[in-house]
Amino acid sequence: MKRRAWYTLAVLALITPGPGVASEIRIATASNFRNAMDALVEEFRTASEHRVVPIYGSTGKLFSQVINGAPFEVFFAADARRPELLEQEGLTVPGSRFTYARGKLVLWSPRVAYVDDQGSVLEQGSFQHLAIAQPRLAPYGKAARDVLESLGLWQALSPRLVQGEDVGQTFLFVHSGHAELGFVAWSQLVSGPQPIAGSYWLVPENLYRPVDQQAVTLTDNEVTRTFMSFIRSPQAAGIIRDHGYTTLAYDPP
Amino acid sequence: MLDESDITALVITLKLALTSTLILLVLGTPLAWWLARTRWRFKFIPEAIVALPLVLPPTVLGFYLLIALGPNSPAYGALGFLGGGSLAFTFSGLVIGSVIYSMPFVVQPLQDAFSAIGRRPLEVAATLRASPLDRFFTIAVPMARPGFITAAVLGFAHTIGEFGVVLMIGGNIPGETRVASIAIYDHVEGLEFTHAHWLSGVLLLLSFILLLVVYGLNGRFRVIRL
């Protein structure tokens with residue numbers, strides 16, 4: 001009797017359906033876009049029976065997963081470089097690459113009146129840890145590095161940098177208070193699950209190249225076409241703007 | 001509360017642990033039997049290899065697996081008959097990783113249990129004209145029962161605790177490779193602490209119960225040696 005129960009359990013576990021509804025697509029999404037994508041997917045769900053499953057990570061990591069054959073149908077990067085590279089490799093649907101959002105970098109601390117609106121807290125240096133995203137893998141980390149280099153502080157502050165795997169983890173470092181301040185995406189501040197307190201410096205765009213975030217379709221099918229035309233709709237653009245991005249005027253396909 | 005994706009992650013985790021444990025029991029039993037019985041002077045070499053995952057960073061294993069399972073490796077071609085396609089980012093890939101990763105937790109308790117039987121009961125059985133296979137299944141296996149229980153529970157529990165290898169070869173695919181430990185990591189990064197708490201609580205409880213089973217059933221049985 002006992003033995004039979006074990007067998008039943010074993011068989012049940014093995015035949016449990018894994019992945020698989022035909023109309024489900026997986027969307028690799030850069031971490032900074034997490035809140036916006038959650039809202040977009042939510043909105044899309046109300047109008048479509050298709051299921052869209054976002055997977056979040058750093059642009060660099062997701063990129064290498066796509067190269068290595070990860071089963072993603074669309075890739076929302078936090079830069080233009082990786083989508084271009086995928087296009088050159090012939091891994092994308094021709095003509096699918098477009099800029100879906102332009103993001104801003106912000107220096108943020110949960111402490112009130114800690115970060116001033118000139119960013120001079122960086123020079124005073126009364127902090128132990130400054131969090132940035134990994135510059136090689138995360139475009140917002142690269143932007144943070146550009147800013148520090150423009151200010152001539154990269155060398156001096158290097159010993160005090162803590163690096164998150166992506167801008168999501170970087171945000172967590174600062175949010176939890178383990179790092180006093182950090183460079184994160186503006187969208188994370190304005191659209192988080194709970195209202196974010198503290199002080200911030202919206203970095204002027206002459207100190208870094210604006211983060212043009214591009215998306216590419218990797219698999220052409222009805223669901224990806226429907227979802228991507230939704231992303232290009234004015235309604236989606238409104239949601240994206242609500243999450244702290246600017247959207248460029250683009251023509252519907 | 002646990003939402004649908006958390007339940008899926010838990011199901012994937014249990015499925016992975018169960019599959020890996022069953023495979024490990026099948027592969028590990030003859031290996032442990034041989035290690036326990038052989039008088040080969042170099043047997044410390046396979047013993048050391050089996051114990052490697054205990055000390056190796058999971059990233060090392062994950063890195064080698066990523067290369068070995070990828071489209072550019074010889075193993076890839078050899079595995080082609082199993083359905084083709086890269087094994088990275090698939091459940092099958094995770095099973096291969098887990099089998100290697102949890103190997104010592106299954107082989108070592110079995111080897112200890114087989115060694116503890118000693119040669120005498122088997123020699124007695126042999127004088128009664130029991131065949132080697134007969135001796136193994138009617139003497140060794142029943143006598144090593146605590147070892148089998150320990151091996152199965154530890155292999156299962158250790159696979160549930162797997163993180164680094166899955167992080168490197170899994171790709172965090174919901175319904176396929178997003179196991180509970182990865183889902184927790186994802187929740188924390190998304191500041192979804194309530195979800196992280198629930199899933200962590202479930203894993204903590206599950207792991208504790210599994211270890212209670214091992215220690216409770218086996219009393220003084222050695223659980224791990226290095």
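Two strands are taken to pair if DSSP finds at least two bridges between them. In this predicted model, strand 5 (residues 105–109) and strand 8 (residues 181–185) of chain A are joined by four bridges and run antiparallel. Within strand 8 of chain A, A:Phe183 is the residue that stands opposite A:Leu107. Packed on the sheet is helix 6 (residues 139–150) of chain A, which touches strand 5, strand 6 (130–133) and strand 8 of chain A, and whose direction makes about 130° with that of strand 6 of chain A. Helix 8 (residues 167–175) of chain A also packs on the sheet, where it touches strand 5, strand 6, strand 7 and strand 8 of chain A, its direction making about 145° with that of strand 8 of chain A.

The sheet itself is open and consists of five strands of chain A in the order 7-6-8-5-9, with mixed pairing. Because strand 7 (161–164) and strand 9 (199–202) of chain A stand at the edges, each with a single partner strand, one side of each is left without a neighbour in the sheet. On average, and with direction ignored, neighbouring strands of this sheet are turned by 30° against each other.

The largest nonpolar core comprises 112 residues, of which A:Val74, A:Phe75, A:Phe76, A:Leu105 and A:Tyr140 touch the most other members. The most is given to this core by helix 1 (residues 4–37) of chain B, with nine residues, and at least three residues are drawn from each of domain 1 (2–102 + 212–242) and domain 2 (105–202) of chain A. When residues up to four places away in sequence are not counted, the contacts of A:Leu105 include A:Tyr140, A:Ala144, A:Phe183, A:Trp186 and A:Val211.

Terms used
Residues are numbered from 1 along each chain as its sequence is written. Chains are lettered from A and ligands numbered from 1 in the order in which they are written. This is a predicted model: local features need pLDDT of at least 70, side-chain atom pairs count only at pLDDT 80 or more; totals for chains, interfaces and linings use all residues. A nonpolar core is a set of buried Ala, Val, Leu, Ile, Met, Phe, Trp, Tyr and Cys residues joined through C-beta atoms within 7 Å. A residue is buried if 20 or more other C-beta atoms lie within 10 Å of its own, exposed if 12 or fewer, and partly exposed in between; C-beta atoms are placed from the backbone. Helices (H or I, at least four residues) and strands (E, at least two) are DSSP runs, numbered from the N terminus. Domain bounds come from an automatic or database domain assignment. Two residues are in contact if their C-beta atoms, placed from the backbone, lie within 7 Å. Axes are lines fitted to C-alpha atoms, for helices over the stretch in contact, and angles run from 0 to 180 degrees between N-to-C directions.
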